[in-house]
Amino acid sequence: MKLYCLSGHPTLPCNVLKFKSTTIMLDCGLDMTSTLNFLPLPLVQSPRLSNLPGWSLKDGNAFLDKELKECSGHVFVDSVPEFCLPETELIDLSTVDVILISNYHCMMALPYITEHTGFTGTVYATEPTVQIGRLLMEELVNFIERVPKAQSASLWKNKDIQRLLPSPLKDAVEVSTWRRCYTMQEVNSALSKIQLVGYSQKIELFGAVQVTPLSSGYALGSSNWIIQSHYEKVSYVSGSSLLTTHPQPMDQASLKNSDVLVLTGLTQIPTANPDGMVGEFCSNLALTVRNGGNVLVPCYPSGVIYDLLECLYQYIDSAGLSNIPFYFISPVANSSLEFSQIFAEWLCHNKQTKVYLPEPPFPHAELIQTNKLKHYPSLHGDFSSDFRQPCVVFTGHPSLRFGDVVHFMELWGKSSLNTVIFTEPDFSYLEALAPYQPLAMKCIYCPIDTRLNFIQVSKLLKEVQPLHVVCPEQYTQPPPAQSHRMDLMIDCQPPAMSYRRAEVLALPFKRRYEKIEIMPELADSLVPMEIKPGISLATVSAVLHTKDNKHVLQPPPRPTQPTGGKKRKRASDDIPDCKVLKPLLSGSIPVEQFVQALEKHGFSDIKVEDTAKGHIVLLQEAETLIQIEEDSTHIICDNDEMLRVRLRDLVLKFLQKF
Amino acid sequence: MDPECSQLLPALCSVLADPRQPVADDTCLEKLLDWFKTITEAGSSLLLLQENPCLLGLLCHVLKPQDLSPRVLAFSLRLAGMLAAQEDCFQYLQQGELLPRLFGEAGPLGGAAWTAPSVRSGWIQGLRSLARHPSALCFLADCGAVDTIFSLQGDSSLFVASAAGQLLVHILGLSLQGAAEGHPGLQTGDWPVCAQKIVSHIEESLRSAATPQITQALNVLTTTFGHCHNPWTQVLWVRLSPLVACLLEKDPVPAAHSLVDLLLSVARSSVLSSSSCGLWETLAQTLSHLSPTQAGPLALGILKLQECPQALRAQAFAVLLQPLTCVLEATAQAPGLLDSLDGTGGASVTVDTLLPSKAACVGLLCRTLAHLELLQPLPQRPSPWPQAPLLGATVTILRLCSGLATPTSDAGGHLCAFLVGCVRVQRAALDFLGTLSQGTGPRELVTRVFAVLLEYLTSPDSSPTVLKKAFQATFRWLQSSPETPGCSDLDPHAQLFLRELLPVLPKRLCSPCWEVRDSGLEFLTQMIGHWGGQAGFRRALLASEVPELTEQLLRDPESYVRASAVAAMGQLSSQGLRVTPASPEHPGGRQKSLLAELLRILSTDSEGFPRRAVMHVFTQWLRDGHADVAGDTERFVARVLQVASQDLDWEVRAQGLELALVFLEQTLGRPSSHCPYAVTPPVAAPPSPLAQALRPLCRVQLFEFAFRALFDCDRPVAQKSCDLLLFLRAQTASYSGPQGSGSVPEVASVEAALQRWQAGDQGQPLGYLEPEVVVAVLRSMDLEGLRGVLAESSDRVEKSPQSLLQDMLATVGALGEDEADCY
């Protein structure tokens with residue numbers, strides 16, 4: 001069993017598991033932090049961004065000044081943003097049989113894999129994962145395609161040139177493999193390969209293994225996966241949460257008794273407690289708005305935003321913010337808000353029961369009804385006529401490199417009354433803000449990451465007791481900035497095996513058993529014999545038939561009755577030996593009693609020698625030697641067949657036959 | 001006993017003796033016993049029995065084999081014991097062999113009823129009451145009760161087991177009362193048989209290998225030494241202390257908690273601690289043998305002792321400080337701090353052994369901090385008190401809990417992993433840190449204290465309860481920071497801290513969690529109360545958003561927050577710290593609006609807390625002569641009293657009376673001292689004739705408010721009003737105004753209205769009253785009588801024994817009726 005690790009990002013994993021005869025890709029995450037190296041794509045022409053000076057080498061050489069721009073001491077690539085794909089060279093991706101998706105954030109690289117690698121298999125995911133994943137992809141494509149950029153920079157990627165660039169461009173990895181965003185056509189084609197599954201549904205893969213998604217409690221439709229054969233069980237835990245937010249709670253019990261547990265997608269901010277962060281978010285929002293400032297919340301169109309809107313729903317009246325408009329701007333805002341209300345079966349119990357009242361499970365419906373929350377596909381159109389300040393705007397993309405957020409950063413960045421509140425933990429807020437410097441706007445960092453923290457992981461591992469844990473290397477040591485925090489790493493016995501990008505792990509576990517079915521008529525013919533209380537044995541002669549990874553014992557073909565001619569068949573045609581079988585023997589020979597028996601039968605002058613493997617009984621008079629070992633008995637005598645048979649019969653008296 | 005009760009008693013006894021009429025509620029049996037107890041304590045039990053033969057009948061009756069309820073049986077046993085407490089009555093009962101039949105083998109002891117814990121408990125309590133005189137001891141010996149008590153020590157019911165232990169102590173004390181008192185030198189070998197038997201039993205238990213038996217013995221001894229300080233206890237200790245010392249040689253020490261209790265009980269006993277009977281050595285030995293968790297309470301107990309050898313105190317303090325020493329060691333603090341904490345100088349304990357797991361570490365640290373917090377204010381606390389190392393350790397713990405500390409050692413890393421985010425330890429450490437503000441510390445450490453407090457107040461991860469404690473500790477530290485000499489302002493250090501703190505406060509006041517908003521406001525109110533007059537604080541506060549946010553919180557959805565906001569606004573306004581944009585057209589316009597806003601809350605708020613808070617603020621404003629109030633005091637008082645009189649919350653009405661009293665004092669002059677024996681100067685003549693002085697009170701309708709309150713359905717309001725009116729009558733005693741004939745009919749109509757009010761019909765208002773009428777009405781009212789009635793508890797009628805007996809009979813009667821209905 002092997003694990004091929006194609007992504008180095010612990011929360012955007014992409015691993016391939018070879019198990020029995022199957023090749024299973026676990027998640028297909030896309031690392032978008034590469035876009036932080038690029039200049040933002042402004043929706044409206046930005047004089048500031050277009051007038052940034054080109055970057056030149058120390059010696060004044062300015063051959064890169066078209067590709068690289070300088071802003072407040074940082075250098076950015078002036079080109080269409082590109083993404084860092086999972087490793088494609090480590091394993092032939094056309095051999096992947098299935099891809100299992102655990103949540104909508106972990107499928108963003110799917111079009112790159114399914115459309116460009118010769119992949120012919122099936123993708124499995126739950127319905128909300130597919131629908132919301134589609135929204136995220138649609139938004140991404142829309143954000144990038146609606147701001148066409150003529151220029152595509154590639155000169156800087158040359159290894160010799162990259163070495164000369166300042167950090168972080170200099171240290172960016174595998175820039176040559178970075179790719180531009182996929183198209184909507186590719187998205188549609190990729191999504192058409194997905195087969196929908198429900199929690200606890202058992203899916204057979206070629207009869208060899210069975211895969212089952214389980215609720216992971218992190219997002220709508222998010223799942224962990226169980227991959228099991230008859231005697232082996234691998235659990236894949238990715239992006240799980242034990243907090244009570246909107247999704248169905250995590251199913252922990254089914255993860256028990258795993259041989260291997262692959263653990264990814266833990267919280268990216270282990271030191272921040274989501275409750276505290278929500279409090280921080282609300283207080284800062286209220287303080288800004290009270291002072292007449294606007295609040296900008298860069299976010300994804302689905303996920304934490306549902307919980308934030310729910311918190312605000314309870315908070316705005318108490319904070320006297322009832323008259324402040326909340327805007328949600330995204331090409332998929334409407335679909336996201338509406339989809340969330342129809343996936344009742346994937347929601348937590350509280351929200352599910354609301355549906356029977358009937359009430360919308362999320363209170364943002366009421367915010368929309370009362371005109372407190374308004375949503376728009378883009379800042380063009382209706383939004384510009386409705387726009388009223390001070391206000392709160394939720395919009396993407398959290399990287400601040402594309403989407404409507406770029407416009408609001410440019411618009412509000414100059415006033416210290418306004419605040420940008422970062423709630424998504426995927427991007428470093430300082431790096432995200434770099435191309436907007438100098439910035440007068442207040443910046444608040446309240447990352448809300450509901451995924452498992454290390455305390456919860458250690459409780460989980462204690463409860464489910466896997467034999468081996470496999471995780472990204474980042475989880476096996478404290479974060480570099482807090483090297484003393486021994487609590488911020490996975491602590492389990494035996495120690496977790498770690499992996500990094502482009503590594504192949506041989507999983508430390510051997511397969512020992514295989515299940516073989518026995519046909520009823522064959523089973524009928526067996527004559528078991530009890531050799532110990534509770535243990536019976538029977539001999540069986542059969543044909544082992546293997547097809548589709550299933551093994552069946554079938555009765556041997558009947559021997560064809562010898563016809564008139566007694567001509568012997570050729571050896572190769574010989575059917576399995578059907579002559580009367582000699583009985584099988586079992587048991588052990590107690591030496592002392594055996595010697596007594598020999599004496600009784602007239603043998604004298606018997607000597608017993610102990611050997612490493614058993615005993616040797618010497619009958620000196622008869623010049624005969626009986627060698628008794630654990631699994632064999634030899635009678636060595638000189639051409640005295642009568643004697644040998646007598647001795648053999650004596651030996652057999654001590655053994656059971658069947 | 002009342003004749004009425006005597007008449008009811010036979011019926012009750014027959015009801016109790018009748019198994020077909022079960023007593024539904026055993027609280028009435030308890031009340032009945034209480035009543036009998038008062039009777040027997042006041043008079044002769046024998047007489048009681050003779051006058052009420054039904055009682056004896058009941059006691060005899062319960063002995064007959066029948067299905068009597070365990071409650072009645074237990075009641076009878078206790079009653080018998082209570083009666084037999086007097087020796088003559090005991091003899092009387094003995095004549096009929098009643099007592100052996102009740103308490104001996106032949107009684108419930110051998111029967112099926114014994115399985116009920118209440119019967120066993122009744123048996124013990126009966127004997128406990130009975131054992132008052134030497135004859136009782138003989139009786140106990142004769143009926144073999146002591147052996148039964150021994151076995152009951154291990155009873156499955158904890159109440160029974162504990163009562164059995166106490167009974168043993170009582171019997172031991174009783175048996176030695178006569179014998180040993182006369183001869184303090186008497187050795188145990190010469191003690192009465194009964195006492196010897198008990199002592200041997202204790203010895204046997206102490207030698208036992210079973211921990212429960214050892215615990216029982218230790219508990220009996222603890223009670224003995226705790227309650228009895230006769231010289232014989234010393235003899236007992238001398239005999240038993242070697243056995244107790246033997247327990248320390250076992251590993252682990254059995255029943256450590258009980259052992260600690262015993263040793264502390266012995267140490268507190270004046271008879272024992274003053275003599276040299278090896279007590280201090282045993283204590284020292286115990287301290288070193290017990291585990292740190294078990295030794296903590298012992299160390300605290302030793303340190304609380306008034307007199308104790310210095311060496312032992314030092315050892316106890318070192319044990320108590322061990323966990324903190326460990327923390328300092330693991331986090332590699334300056335060695336100077338370590339030396340002063342590690343009192344013993346002996347082998348230092350490592351984190352691994354002392355704080356091996358998260359649960360152990362958290363528990364031990366919390367206990368240690370709590371113990372030190374208890375110790376800090378005591379006069380006998382160790383001296384010199386290691387203020388600086390304790391501060392250092394507490395700050396370090398707080399930093400470890402918040403993940404701020406960066407320990408370099410492995411041990412520190414483990415501690416950090418155990419403590420990060422641990423709310424329990426955070427709370428305990430903040431409490432202790434607050435207590436430490438009573439002492440001083442080196443400047444550098446105080447800076448660290450303020451830094452860690454600020455960190456807790458800022459951190460989004462601080463839980464609401466932790467935050468509240470952080471606010472409390474901050475206030476205490478600010479309070480204790482020295483004022484700059486010659487200038488009534490905070491010291492520059494605290495000023496600097498305030499400058500950093502005030503930006504944090506607005507965020508807390510906007511928190512979605514109401515507990516946080518509430519504790520933020522409470523803190524603010526305290527701060528303004530303390531430093532509202534100081535220029536530096538005023539400047540910083542006015543420059544922040546705090547005053548404005550506080551005003552907005554008057555409309556908070558949570559009533560507790562509104563109440564706190566009201567209090568804070570009251571303070572802000574009193575100190576002139578409300579933000580009022582200078583506007584020439586509306587000078588003080590916004591100030592007025594606060595009064596209006598508070599009146600709005602008083603008249604419309606649906607919850608009691610904000611309304612009570614408003615009344616407190618108004619009373620304070622009136623007392624201080626707040627500018628808003630001073631302008632038109634009469635109108636203000638009239639309005640407030642009018643609203644308060646209609647309030648459904650009695651505390652608001654009571655507070656209204658408080659406000660009325662303040663107004664009264666201001667109008668008529670201060671009341672004389674409340675102390676009846678104080679020498680009072682002759683009452684200063686009112687500035688104007690009394691009638692004129694009373695007129696403002698009449699105008700604000702204070703009397704209507706007070707009279708209404710006098711007949712209030714809530715007793716505290718009525719009492720308060722009665723006191724106010726009595727004070728007023730005293731003030732007007734000298735008044736001899738025109739008692740003109742014209743006013744008489746008016747007085748009569750007021751009196752008639754008041755009678756209707758008293759009867760519960762408060763619909764009709766009194767209208768404007770002339771001062772003369774008020775004085776006349778006051779004089780005609782029996783206020784003293786009313787005060788007497790109000791002073792009695794409201795259940796005085798229901799509590800009478802007669803009522804109890806009637807109730808019990810009625811309940812049984814009602815049960816009977818139900819049965820009849822069934823047929």
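Is B:Lys720 buried, partly exposed or exposed, and what is its relative accessibility? Select B:Lys720: at 31% relative accessibility, this residue counts as partly exposed (buried means under 20% relative accessible area, exposed over 50%, partly exposed in between, with a 1.4 Å probe and protein chains only).

Before moving on, know that this is a predicted model, where local features need pLDDT of at least 70, side-chain atom pairs count only at pLDDT 80 or more, and totals for chains, interfaces and linings use all residues. Residues are numbered from 1 along each chain as its sequence is written, chains are lettered from A and ligands numbered from 1 in the order in which they are written, and side-chain values use heavy atoms, leaving out hydrogens and water.

By definition, a salt bridge is a side-chain nitrogen of Lys or Arg within 4 Å of a carboxyl oxygen of Asp or Glu. B:Glu658 is partly exposed too, with a relative accessible area of 22%.

Next, go to chain A and select A:Lys149 and A:Asp78, another salt bridge at 2.6 Å, N to O. A:Asp78 is buried, with a relative accessible area of 11%, while A:Lys149 is partly exposed at 25%.

Last stop: the place where the chains meet. The contact (heavy atoms within 4.5 Å) takes 21 residues from chain B and 21 residues from chain A. Select A:Glu280 and B:Lys507 to see their side chains meet in a salt bridge of 2.6 Å, N to O.
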